[in-house]
Amino acid sequence: MLKWDAERTAQGVALYLTVGASAAPMAGRDPGHRLELVCGLLPPRDDVARPLARAASYPARGTALAPGRTIDLGEPLWESTTMTGFLVARSRRDLLPALELPEGRHVEFLQAIPVFGDEIATAVREGAEELLRRWEAAGVRFWDPDRPRESR
């Protein structure tokens, strides 16, 4: 796991980036297409590293990750939260450009946004884009690890 402090990023949030998920091809996808997950938080929450790594291991276990996918880990992401999973999304602000590798492979960096169980249910029922639209309309600070649950 790599981490950049908020002061060192253009987004003004601490960035956590998985390393190693791109070693495995994803089931049902072009074998040259790989991914890593990036999570931006402010204030920083280093406890996100372990659940983020678990989420990034999904492709190696045969589950493809793509924008709009939700991951419910079934337990709080860190001690002081009831968030239990991630929404995988393309960043609306370019966090990291795709990385081109030898032999035609490339790594896409997808955003992993910490979410509550009811937000996972909304994304599954109504679509991730609808959840993101609601957040935008309501001014939800989805990068805030201490955001209230009522922010659907």
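Is Glu108 buried or exposed? At 12% relative accessibility, Glu108 counts as buried, because the cut-off for buried is under 20% relative accessible area. The model is predicted.

## Fold and dimensions

The protein chain contains 3 helices and 7 strands. Along the sequence they run β-β-β-α-β-β-β-β-α-α.

The chain has 152 residues and a radius of gyration of 15 Å. A compact globule of that length would have a value near 15 Å, so the two agree. Along the principal axes, the C-alpha atoms fill a box of roughly 45 × 35 × 30 Å.

## Packing and surface

Of the 152 residues in the protein chain, 46% are buried. Among contacts with a separation of 6 or more, 55% join residues 24 or more positions apart.

The accessible surface of the chain is about 7800 Å². Carbon and sulfur atoms account for 51% of that surface.

## Charges

The protein chain carries 20 positive and 22 negative charges. Their mean positions lie 2 Å apart. Side chains of opposite charge can pair when their charged atoms come close. The structure holds 10 salt bridges.

## A bridge between distant parts of the chain

Glu108 forms a salt bridge with Arg90. The closest N and O atoms are 3.0 Å apart. The pair links distant parts of the chain, 18 residues apart. Glu108 sits in strand β7 (residues 106-115). Arg90 lies in the loop between β5 (85-89) and β6 (99-100).

## A bridge near the start of the numbering

Asp5 and Lys3 also meet through their side chains in a salt bridge, at 3.6 Å from N to O. Asp5 is partly exposed, with a relative accessible area of 36%. Lys3 is partly exposed too, at 35%.

Which residues are linked with Glu130 and Arg133 in a network of salt bridges? The network also takes in Arg125, Glu126 and Arg134.

Glu130 is partly exposed, with a relative accessible area of 21%.

Definitions and conventions: Residues numbered from 1 in each chain as written. Predicted model: local features only at pLDDT ≥ 70, side-chain atom pairs only at ≥ 80, totals over all residues. Heavy atoms only, no water. Helix = DSSP H or I, 4+ residues; strand = E, 2+ residues; numbered from the N terminus. Rg over C-alpha atoms; globule rule 2.2 N^0.38 Å. Buried < 20%, exposed > 50% of the residue type's maximum accessible area, 1.4 Å probe, protein only. Contact = heavy atoms within 4.5 Å. Areas by Shrake-Rupley, 256 points an atom, 1.4 Å probe, with all protein chains shown as cover. Lys, Arg positive; Asp, Glu negative; His and termini not counted. Charge placed at Lys NZ, Arg CZ, Asp CG, Glu CD. Salt bridge = Lys/Arg side-chain N within 4 Å of Asp/Glu carboxyl O.
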